[in-house]
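My notes follow in the order of the search.

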Amino acid sequence: MSNSERSENRQQETDAILERKPGTEAVTDLEDRYRVVGAADRETYANWLTPIEDHYVCHRNETLDPDAADWAVDLAGAVDREGTLGMDDLREDYPTVAVAHTMECAGNGRGYFDPETGSVQWEYGAVSTAIWTGVPLTSILANYGATTDDGMWLTAVGGDHPEVEDENDRFARSIPMAKVLEDCILAYEINGEPLPPEHGHPVRLLVPGWYGVNSVKWLTELHVTETMVHGPEWADRDGEDFTQWQQSSYRIHPEGVEPNSNATVSTFDTWDQLESDEIDHPYTFDENVKSTIGQPDDGATVTPDADGTVEIVGVAWAGDDAVTGIEVSTDGGDSWQDADWFGPDYDCAWRLFRYRWEPAPGTYTLASRATDERGRRQPARIADADEDGDDYPWNEGGYAENAWHPHALEVTVE
Ligand SMILES: Nc1nc2c(c(=O)[nH]1)N[C@H]1C(S)=C(S)[C@@H](COP(=O)(O)O)O[C@H]1N2
Ligand SMILES: [Mo]
């Protein structure tokens, strides 16, 4: 296949996803081969559940659409016996659970970085909340006698391959065993429907509250390992490189730095890693505290209700930590007021907030700012490339952005 044929294929694939998902719009980076769509509408962030039609999509290789009857997940590594799990085994031999999960692409907000970084220029649309149904990994690992001590890792591999001949990377992610046992599942349904192709049909790993990259789609292999994918054994396994998506991409580091490869790390919280001396270039594991206003829309002209108020509604999340504080500003961040939580409160899923605002006619800058259970609050801005301080660190990949100022919006009150 020629390059232009490939790029036409990608365009058609993205168009097919958009047709199935009318609530999304392309943010595709065909140059970098990413098929991506984000929520088309800010309204998505004034609702708790994201319909499948609005759920963002992000992956790099061809979208797979295998027959579920032919699919199997191989389990190997530190287990008493190796296994091959077919879809019937997963559905019938194990408990079924459903988990709420706010999935955010680690590149969500990348479009706000200045200087601009490479890859998909997401603004706020690469985050969604769904109910995912599947099998708790702890049941599968127990059944196969896996070694699940603290410090162990579970490595998951996707069935997708690069379409370009000189690239040999495979999509693999290693998850610390403690997290796997706590709440990870092999998911085969989203919002009660079988997974659509673009969300990983027929089965994916689901890592609640962690950046989307960890939730490997089209799951084909699981390995119980003492290290994450790292070193020659994984960098050249039968001519394929399983380390790239763990050790090179999706790491937070300054410009021009090749992130160092680690066999293991003992701190998993992304923000803790940013603050830790142990880890130079944090991995994008759990999601940083963040919030997005869903209503009113950016640029909207609003008419107050009969009682003179305008309702501001949004969502706030903090990965697998609880989001506990939420403030709203109607003056561009000069002053802040507490907003109220409402709606569901599940681990690893965002919470809805509302604020009743009594504005005089005029033009205003609205912003929201969330705080997690450990008192960590969204920083104001993304720092300049060479700057230290309290702002969110500019990083080459544009990852894990959670500053509030870039997300502010302008509203005119009649
Ligand atoms: N096999 C595979 N899994 C993958 C990816 C991929 O390229 N290949 N992309 C990851 C990234 S970067 C994200 S953000 C999430 C997006 O999941 P979604 O498309 O279901 O929203 O899938 C992750 N899982
Ligand atoms: Mo992503």
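I worked on a 1 Å grid over the protein atoms alone, where a cavity is a set of points at which a 1.4 Å probe fits but cannot get out, and a pocket is an open set with protein on both sides within 12 Å along at least five of seven lines; lining residues have an atom within 4 Å of a point. I counted a molecule as sitting in either if more than half of its atoms lie within 2 Å of its grid points. By that rule, ligand 1 sits in the largest cavity.

The model is predicted: local features need pLDDT of at least 70, side-chain atom pairs count only at pLDDT 80 or more, and totals for chains, interfaces and linings use all residues. Residues are numbered from 1 along each chain as written, chains are lettered from A and ligands numbered from 1 in written order, and side-chain values use heavy atoms, without hydrogens and water.

Cavity. I searched the whole structure and found 1 cavity of 30 Å³ or more. Its volume, the space filled by probe spheres set on points joined across faces, edges and corners, is about 270 Å³. Of its 22 lining residues, Cys58, Phe171, Gly212, Val213 and Lys217 are closest to the centre. I sorted the lining into 13 nonpolar, 5 polar and 4 charged residues, with Ala, Val, Leu, Ile, Met, Phe, Trp, Tyr, Cys and Pro as nonpolar, Asp, Glu, Lys and Arg as charged, and the others, Gly among them, as polar.

Ligand 1. I listed 21 residues around the ligand, each with a heavy atom within 4 Å of it. Tyr56, Asp160, His199, Arg204 and Lys217 come nearest. By class, this shell has 10 nonpolar, 6 polar and 5 charged residues.

I then looked up polar contacts, pairs of N or O atoms within 3.5 Å. A polar side-chain atom of lysine 217 is 2.5 Å from a ligand oxygen.

Pockets. The largest pocket holds about 520 Å³. I counted 26 lining residues, with Leu274, Glu387, Asp388, Asp391 and Pro393 nearest its centre. They divide into 11 nonpolar, 5 polar and 10 charged. The second largest pocket holds about 310 Å³, and its 19 lining residues include Ser248 and Tyr399.

Definitions and conventions. Polar contact = N/O pair within 3.5 Å; in protein donor to acceptor, adjacent residues only side chain to side chain.
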